[in-house]
Amino acid sequence: MSAWRALLAGLSVWLLHFAIVYLLPSLDAIGALPPRVLDIAHVAVTLACLAAAAGVALAAWRRAKDGDPGAAFRHRVAALGAALAGVAIVWQAAPALFN
Amino acid sequence: MSVPSEGRSETGFDRSIYDRFPTKGRRPKGEVEALEAIWCGPKGWQWITAINNNFIGVYYVGAAMLFFVLAGVLALLMRAQLALPLNGVLPQETYNQIFTMHGTVMMFLFAVPAVEALGVLLLPQMLGARDLPFPRLSAYAFWAYLIGGLAFFCSLFFGLAPNGGWFMYPPLTSTTYSPGINADFWLLGIGFIEISAIAGAIEIIVGVLKTRAPGMGLDKMPIFAWAMLVFAGMIVIAFPSVILATTLLELERALNWPFFDATRGGDPMLWQHLFWFFGHPEVYIIFLPAAGAMSTLIPAVARAPLVGHWMVVLAFLATGFISFGVWAHHMFTTGLPGTSVGVFSAASMAVSLPAGVQVFAWIATVASGKMRFNTPGLFVLGSLLIFVMGGLTGVMAAMVPFDWQAHDTYFIVAHLHYVLIGGMVFPLFAAIYYWTPMVSSRPLSERLGRWTFGLMFAGMHLAFLPMHLSGLMGMPRRVWTYAPGRDLELPNLISSIGAFVFAAGVLVWIIDMVRNFRPFGSDAGNVYDGPGLEWLPAELYSTRSIPLVTSLYPLWDQKNLARDVKAGRYFLPGAPTGGRETLVTSPVEAEPQHLLPMPKPSGWHVWAAVFTAGFFLLLTVQAYAASVLSGALAVYCVIRWCWFLDHPLPQNDVDVGAGLMLRTYASGPSSTGWWAMVITLVVAGMVLAMSVFSYVFLWSRSTAPWTAPIGIETAVVAGMNLVAVLLAWLASRVLGRSPRLTVLFTTAAGLFVAAAWALDLKTWQGTGLAPDLNAQGAIVHAMQAWQGFFVAVGAIMAGYVVLRWLFGYVGPDRPATIQLVGLFLAYVAFQGLVTLGAPRLFAAVAA
């Protein structure tokens with residue numbers, strides 16, 4: 001399972017970020033928290049997820065130099081997946097950040 | 001080309017054993033004859049009970065194509081009606097039923113089953129397995145789908161077909177506006193499709209992860225298998241949402257529980273969230289296997305390896321993830337909060353990134369090779385063009401201001417048909433032409449194939465390109481007719497002509513199939529020089545021996561592979577247990593783990609499918625007693641089917657080739673049964689998660705505060721569920737010491753979850769919260785009903801364990817059944833805790 005976890009870690013961060021940025025406007029809609037707090041939460045979550053995606057990408061990229069071709073394949077996919085997640089996180093955070 | 005003996009082992013398997021293959025010398029006489037006898041084809045009426053993927057796969061694809069043709073005929077009727085303004089070909093009500101059935105049949109009875117069928121047909125050969133791990137499950141899924149699907153389709157002939165559109169929005173589909181049983185046919189009628197799809201998904205996930213040929217690590221796994229793995233994973237996550245949605249709407253219609261009734265605290269928007277959480281991933285569920293087929297076909301027709309193979313794998317995975325973040329783009333016009341709309345718009349645009357990676361990889365592969373413009377090649381190129389056009393209009397529709405203008409117009413009809421025909425129908429036809437020589441003694445005709453392609457390609461553009469225009473000119477979807485003098489006549493006439501041209505292409509294909517398709521005998525061979533294992537010489541038992549895979553394109557890179565496989569020089573060259581069997585390998589590096597004995601054909605799965613379909617269909621026509629009887633008979637058939645499982649063979653270990661000894665019995669995480677149970681529980685967990693979402697959604701929309709009973713009973717229910725988890729865990733721990741104690745613990749675990757559920761339900765009833773009173777009453781009782789259903793299944797399982805113990809089938813030599821029942825009961829207890837906790841947690845917070 002650890003191989004699968006590593007493979008999907010970056011994409012999971014993307015999904016987690018999506019779930020949170022979906023949740024925050026919903027909390028805003030029912031007035032659960034002040035808008036200022038939600039804005040700060042939005043920025044904090046985005047930065048945390050970006051850091052996580054970057055960490056996953058770097059770690060996987062380093063491991064991709066492994067001699068085992070099977071493992072190298074998995075780490076390459078994981079690294080690019082995390083990089084893609086980083087782009088998507090910035091993209092899907094933008095509507096709230098520039099609202 | 002990489003050598004699999006390099007690198008670290010996943011399971012502790014000694015990879016130097018791979019060096020013994022291919023073996024030298026002749027195999028003993030009689031091995032092939034034994035394989036032929038064990039895997040012999042059905043005779044006479046036995047074709048109904050066949051379970052081998054060579055048969056079920058062909059039946060399955062055939063049935064899916066039958067529904068494609070039937071739904072296509074409905075489309076022609078619609079286009080005949082719309083060819084001229086104020087036309088009178090169809091009455092309005094019939095038109096409503098026909099467009100609803102066209103969408104429903106295409107999405108539920110053609111698209112998903114067709115790609116699942118392709119998986120059942122191709123995967124065993126592609127992966128180098130004798131068959132998928134649960135062949136009876138595939139056969140059950142097929143028969144439930146065929147019987148239920150045909151009965152569902154026939155509702156049209158009685159004027160009882162659903163008429164609320166394929167996404168069945170309430171309040172239009174509530175009893176107020178849809179008083180007949182038409183909507184019930186949809187809600188219950190697709191129940192068997194959901195079961196069938198999930199059964200197929202379980203089969204595919206376990207098959208891809210656990211039955212690959214040795215050496216076929218993830219880097220050498222066929223790209224089609226990657227696509228099918230992501231596809232099946234998406235079904236497991238997405239389908240529970242529509243299971244819950246259809247259940248809730250049927251409960252509202254049948255029992256007056258107001259989930260979607262705004263006058264009693266319900267909200268029709270809940271349906272849209274639940275439906276589209278399934279509905280949008282559904283598009284990618286359909287697209288991904290087709291993309292997998294494209295990524296397999298293009299290297300073969302272009303005679304070049306797939307450019308950026310690992311990036312295409314990533315694109316599949318990324319599509320699988322992000323497709324769950326775009327459901328609300330179907331709801332831009334419903335008044336969602338502005339920021340939510342922005343987030344979903346961004347996610348909808350982001351999904352074009354992985355799709356773009358695939359398209360560029362395909363174009364680059366075509367450009368880097370020497371393309372052959374044969375029929376599969378033409379369909380591949382046609383698909384690329386159509387899909388890109390559909391994708392571009394998709395990006396347009398992802399922009400909110402544009403969507404507000406185009407929503408519910410023919411522009412969207414054009415967009416979705418470009419995406420689905422380019423992304424699924426054309427790749428499917430390419431796949432049919434490409435893989436027919438694998439299953440038929442004759443390939444399909446190249447000449448007729450070109451005609452098929454030409455007519456379908458021209459017809460497709462003629463039919464749908466003008467719809468962009470008619471949509472932008474303001475023509476709404478789902479209208480029975482339109483007024484003259486609004487410049488809609490010409491685009492509609494062209495669309496109708498195009499539909500018939502497209503149908504002519506399909507007709508030519510049918511003629512080609514009738515003339516040339518000859519399945520269940522010898523095959524025509526590798527006429528397109530494909531590089532995958534599916535092109536190895538094969539019989540009903542698949543390949544003579546299961547190869548060691550050292551390349552992504554084994555037939556191009558591994559010299560003499562076909563010769564050595566046929567000579568039995570690889571794994572499992574005979575039948576060491578004397579029955580049907582296949583190799584089980586590890587999920588990452590595909591290292592041999594054990595041998596999986598496989599079932600022989602029998603009628604139980606067919607009867608189970610008949611009675612499952614009967615249960616849903618009889619429920620639709622409100623024959624409740626007959627429906628319950630049919631459901632009970634389905635359960636009985638499933639128990640009989642399971643009864644023959646979990647019996648250890650006399651041989652504990654057998655030689656699978658070159659002296660490699662493997663176990664013939666497995667339990668726990670290395671066994672296929674354990675994986676299947678875990679995936680089933682993920683499905684159940686997703687239904688639970690979506691029901692909690694529904695609770696929170698309705699709670700957040702409520703104007704009055706919600707309350708919940710919190711007291712000593714709450715602690716007692718929680719305690720009983722925790723004890724049940726402990727007992728379920730203990731049951732398998734004490735199996736080695738005392739089977740009697742194991743049975744006692746299992747039964748006790750079942751009793752504890754049942755008692756906890758009964759007490760929780762009684763506590764809620766004590767508050768006077770009736771299910772038809774308001775939305776909270778409805779959703780609380782729906783969650784309790786779901787838990788009650790699981791308690792009932794748990795009780796049946798516990799009873800099954802007792803029965804097996806009475807027959808002497810419970811013992812330390814066969815722990816699998818006990819482990820799986822224990823896993824299920826532990827999950828039921830966990831679900832009981834969530835059912836207990838979630839409503840109380842949110843009732844304690846004012847919305």
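No disulfides are found: the count over all chains is zero, with a disulfide taken as a pair of cysteine sulfur atoms within 2.5 Å. C49(A) is buried, at 6% relative accessibility, whereas C40(B) is partly exposed at 38%. Buried here means under 20% relative accessible area, exposed over 50%, and partly exposed in between (1.4 Å probe, protein chains only).

The model is predicted; local features need pLDDT of at least 70, side-chain atom pairs count only at pLDDT 80 or more, and totals for chains, interfaces and linings use all residues. Residues are numbered from 1 along each chain as its sequence is written, chains are lettered from A and ligands numbered from 1 in the order in which they are written, and side-chain values use heavy atoms, with hydrogens and water left out.

Chain A has a mean pLDDT (the predictor's confidence in each residue, from 0 to 100) of 88, and 98% of its residues reach 70 or more. Within chain A, confidence is highest in α2(A), at a mean of 92, and lowest in α1(A), at 87. Helices (H or I, at least four residues) and strands (E, at least two) are DSSP runs, numbered from the N terminus.

Helix α2 of chain A covers residues 35-63, 29 residues in total. Its first and last C-alpha atoms lie 42 Å apart, close to the 42 Å expected at 1.5 Å a residue. That expected span is 1.5 Å times one less than the number of residues. The buried residues of α2(A) include L38(A), H42(A), V45(A) and C49(A). They pack against α1 (2-29) and α3 (69-97) of chain A.

Chains A and B bury about 3300 Å² between them, 80% of it on carbon and sulfur atoms. Buried area is the accessible area (1.4 Å probe) that two parts lose on being put together, summed over both. In chain A, W4(A), Y22(A) and F73(A) lose the most area to chain B, together 20% of what that side buries. The contact (heavy atoms within 4.5 Å) takes 31 residues from chain A and 39 residues from chain B. One salt bridge is counted between the two chains. R74(A) and E589(B) form a salt bridge, with their closest N and O atoms 3.0 Å apart. The criterion is a side-chain nitrogen of Lys or Arg within 4 Å of a carboxyl oxygen of Asp or Glu.

Chain B also has backbone features to note. The peptide bond between F21(B) and P22(B) is cis, with omega about -5°. L572(B) has a positive phi near 55° and is buried, at 0% relative accessible area.
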